[in-house]
Structures are given as structure tokens and as C-alpha cells.
Amino acid sequence: MEIYFTSDLHLGHRGVIQFQHRPFQDVESMNREIIHNFNSVVHANDMLYILGDVIHRISESEANALIGKIKGRKILIRGNHDVEYDVSLFEDICDYRELNHEKLKYVLMHYPLMEWNRSRHNSSIHLHGHIHSDGRYNEENRANGILRYDVGVDANHYYPVSLRYIQQYFRDAIRIRKTGGV
């Protein structure tokens with residue numbers, strides 16, 4: 001079983017294509033491509049944490065139909081655009097979650113935090129969405145020793161991000177912070 005993270009899919013939202021300069025002709029091709037990308041890496045038994053804003057500006061029934069096409073066991077961390085979904089599509093729906101894995105804590109929330117649980121102890125990474133950043137935001141955080149990562153689709157080429165990738169991405173920063181080295 002693999003663990004994946006994502007945020008800010010905004011399925012069904014025509015405006016996000018223009019606002020975020022997404023490379024899609026229309027909302028249908030965006031929905032299709034994002035779901036295809038997810039399903040190309042996430043398998044039925046994998047865990048997919050969605051850190052908010054799965055859909056935007058579509059009906060609940062349309063939203064549920066699109067969510068139902070995404071593979072994996074899903075946990076939703078609600079975002080500012082999330083509505084009432086069919087709860088059977090998710091293993092859990094909450095506003096905040098902490099995940100412990102290999103002596104690290106992962107703090108999951110839709111919104112980016114300046115400080116989070118164990119952030120001063122060099123033993124936690126904050127994963128979030130909401131800001132629709134490009135990859136430079138994540139690179140700047142890592143370069144500055146900030147263990148915070150935007151898992152949103154806009155920052156990750158419209159794919160979910162694996163836990164393994166996050167561990168590898170911050171590997172040197174975590175090692176340096178724990179040892180106090182340069």
C-alpha cells in the first residue's frame with residue numbers, strides 16, 4: 001500500500017483553468033486528465049489524502065460521480081470549497097489530521113500554517129494546499145529549511161504526491177536539522 005497526498009483539484013470549475021493558467025481546453029478535459037493522472041499512479045488499496053477543494057461550482061451529484069472515479073481509499077481534509085459529499089466515498093472526512101510514519105509526523109491541513117505541531121523539534125512536515133502555488137514555492141521552502149509542502153495539483157503537474165516522494169524531497173533537510181550540521 002502506498003500513501004498519496006493532493007489538494008485543490010477543483011474538478012468541475014471552469015474558472016480555475018483561466019485563473020491558474022491550467023493547460024486544458026475545457027473543464028471536461030481538465031476533469032478527465034486529472035482523474036486519469038491520479039488513476040495512473042494510485043491503486044485500489046492505496047491511501048489518498050485529499051487536502052481540500054476536490055470540486056468547485058458543481059452539484060453534489062456531479063461531485064460524487066467524479067470523486068467515485070478516483071481510485072484509492074480516500075480521506076478528505078476539508079477545504080474552503082468543499083460541500084457535502086457522499087460519505088461512503090471516503091474513509092474519513094475531517095478538518096485536520098496528523099499522520100505518523102517512520103519517526104516523522106505529517107501535519108495535514110488545507111491551509112498553510114506558519115507553525116505546526118513539532119515544527120520546532122525538526123520532526124514534522126506540514127502538507128497543505130489552498131494557495132495554488134507552482135513548484136517554486138516548495139523549492140523555496142526546502143532551500144530555507146522550512147518543512148512545508150504544497151501538495152496541490154497546480155504545484156505537482158496535476159498528479160498526487162507520494163509519501164515516498166515527500167520523504168526523499170526533504171531527506172537532506174531533515175538530516176541536517178536533526179544533526180545540526182550545515
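In this predicted model, Asp-26 is partly exposed, with a relative accessible area of 34%, a value that falls between the 20% under which a residue counts as buried and the 50% over which a residue counts as exposed. Asp-26 is placed in the loop that connects helix H1 (14-19) with helix H2 (27-41). A polar atom of the Asp-26 side chain lies 3.3 Å from the backbone nitrogen of Glu-28, and the C-alpha atom of Asp-26 is separated by 9.5 Å from that of His-13, a residue 13 positions away along the chain.

Glu-28 also belongs to the lining of the largest pocket, together with Gly-12, Arg-14, Val-27, Asn-31, Arg-32, Ile-35, Ile-58, Glu-62, Leu-66 and Lys-69. Two or more of these lining residues are given by each of H2 and helix H3 (60-68), and H2 supplies the largest share, with five residues. The volume of this pocket is about 200 Å³, and its lining comprises, by class, five charged, four nonpolar and two polar residues.

As for strand pairing, strand E5 (residues 97-101) and strand E6 (residues 104-108) run antiparallel and are joined by five bridges. The two strands form a hairpin in which two residues lie between E5 and E6, and Glu-102, located in the turn, has a positive phi of about 50°.

Notes
Residues are numbered from 1 along each chain as its sequence is written. This is a predicted model: local features need pLDDT of at least 70, side-chain atom pairs count only at pLDDT 80 or more; totals for chains, interfaces and linings use all residues. Side-chain values use heavy atoms; hydrogens and water are left out. Helices (H or I, at least four residues) and strands (E, at least two) are DSSP runs, numbered from the N terminus. Buried means under 20% relative accessible area, exposed over 50%, partly exposed in between (1.4 Å probe, protein chains only). A polar contact is a pair of N or O atoms within 3.5 Å; within protein, one must be able to donate a hydrogen and the other to accept it, and residues adjacent in sequence count only if both atoms are side-chain atoms. Two strands pair if DSSP finds at least two bridges between them. On a 1 Å grid over the protein atoms alone, a cavity is a set of points where a 1.4 Å probe fits but cannot get out, and a pocket is an open set with protein on both sides within 12 Å along at least five of seven lines; lining residues have an atom within 4 Å of a point. Grid points are joined across faces, edges and corners, and a volume is the space filled by probe spheres set on the points. Ala, Val, Leu, Ile, Met, Phe, Trp, Tyr, Cys and Pro count as nonpolar, Asp, Glu, Lys and Arg as charged, and the others, Gly among them, as polar.
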